[in-house]
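Subject: Structure for you to look at

Hello,

Here is the structure we talked about. Please open it and keep it beside this note while you read.

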Amino acid sequence: DQLNNRTCVFDFKGKIVGKGASKGEEKGQISNPGGICYDSKSKCLCVCDGNNQRIQIFNAADGSFVRLIGKGNGGKDEEIFNNPHVCVIDYSKSND
């Protein structure tokens with residue numbers, strides 16, 4: 001929910017059954033979330049955290065924070081994102 005700065009969990013009927021991240025700058029909080037993808041291998045959600053310049057990983061079952069990707073200050077270094085909006089998981093080059 002980009003403009004409300006949150007993530008929600010819905011059932012197949014569209015009813016909100018859980019809440020994930022809320023607005024903020026700390027780990028597990030988001031600001032202007034963009035793209036989201038599900039990792040079926042780890043059963044986690046990857047959320048582009050646009051205004052915080054990072055990607056956050058959450059447990060899909062309970063919404064708890066798992067880890068952070070990116071340093072979060074914007075820019076052009078490899079580990080720094082600048083308003084990310086799309087995330088993709090690619091295991092083709094992984095040892096997993």
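The side chain of Thr 7 makes a polar contact with the backbone nitrogen of Ala 21, at 2.8 Å. A polar contact is a pair of N or O atoms within 3.5 Å; within protein, one must be able to donate a hydrogen and the other to accept it, and residues adjacent in sequence count only if both atoms are side-chain atoms. Thr 7 sits in the segment before S1. Strands (E, at least two residues) are DSSP runs, numbered from the N terminus. Thr 7 has a relative accessible area of 15%, so it counts as buried. Buried means under 20% relative accessible area, with a 1.4 Å probe and protein chains only.

Before you go further, two notes on the source. This is a predicted model, where local features need pLDDT of at least 70 and side-chain atom pairs count only at pLDDT 80 or more, while totals for chains, interfaces and linings use all residues. Residues are numbered from 1 along each chain as its sequence is written, and side-chain values use heavy atoms, with hydrogens and water left out.

Asn 5 is also in the segment before S1. Its side chain reaches the backbone nitrogen of Asn 32 at 2.6 Å. Asn 32 belongs to the loop between strand S4 (29-30) and S5. Asn 32 and Asn 4 are 28 residues apart along the chain, and their C-alpha atoms are separated by 7.9 Å.

Next, the sheet. It is open, has 4 strands, and runs in the order S5-S6-S7-S8 with antiparallel pairing. Two strands pair if DSSP finds at least two bridges between them. S5 and S8 are the edge strands, each pairing on one side only. From one strand to the next, the twist averages 20 degrees. Axes for that angle are lines fitted to C-alpha atoms, and angles run from 0 to 180 degrees between N-to-C directions. S7 and S8 pair in the antiparallel sense over 4 bridges. Phe 58 stands opposite Phe 65 in S8.

Now the pockets. A pocket, on a 1 Å grid over the protein atoms alone, is an open set of points where a 1.4 Å probe fits, with protein on both sides within 12 Å along at least five of seven lines; lining residues have an atom within 4 Å of a point. Volume is the space filled by probe spheres set on the points.

The largest pocket has a volume of about 240 Å³. It is lined by 13 residues, and Cys 46, Ile 57, Arg 67, Ile 69 and Ile 89 lie nearest its centre. Strands S6 (44-49), S7 (54-59) and S8 (65-69) each give two or more residues to this lining. S8 gives the most, with 3. By class, the lining has 10 nonpolar, 1 polar and 2 charged residues. Here Ala, Val, Leu, Ile, Met, Phe, Trp, Tyr, Cys and Pro count as nonpolar, Asp, Glu, Lys and Arg as charged, and the others, Gly among them, as polar.

The second largest pocket has a volume of about 170 Å³. Of its 15 lining residues, Thr 7, Cys 8, Ile 36, Leu 45 and Val 47 are the closest to its centre. S1 (8-10), S5 (33-39), S6 and S7 each supply at least two lining residues. S5 gives the most, with 3. This lining divides into 9 nonpolar, 5 polar and 1 charged.

Best wishes

Definitions and conventions: Buried < 20%, exposed > 50% of the residue type's maximum accessible area, 1.4 Å probe, protein only.
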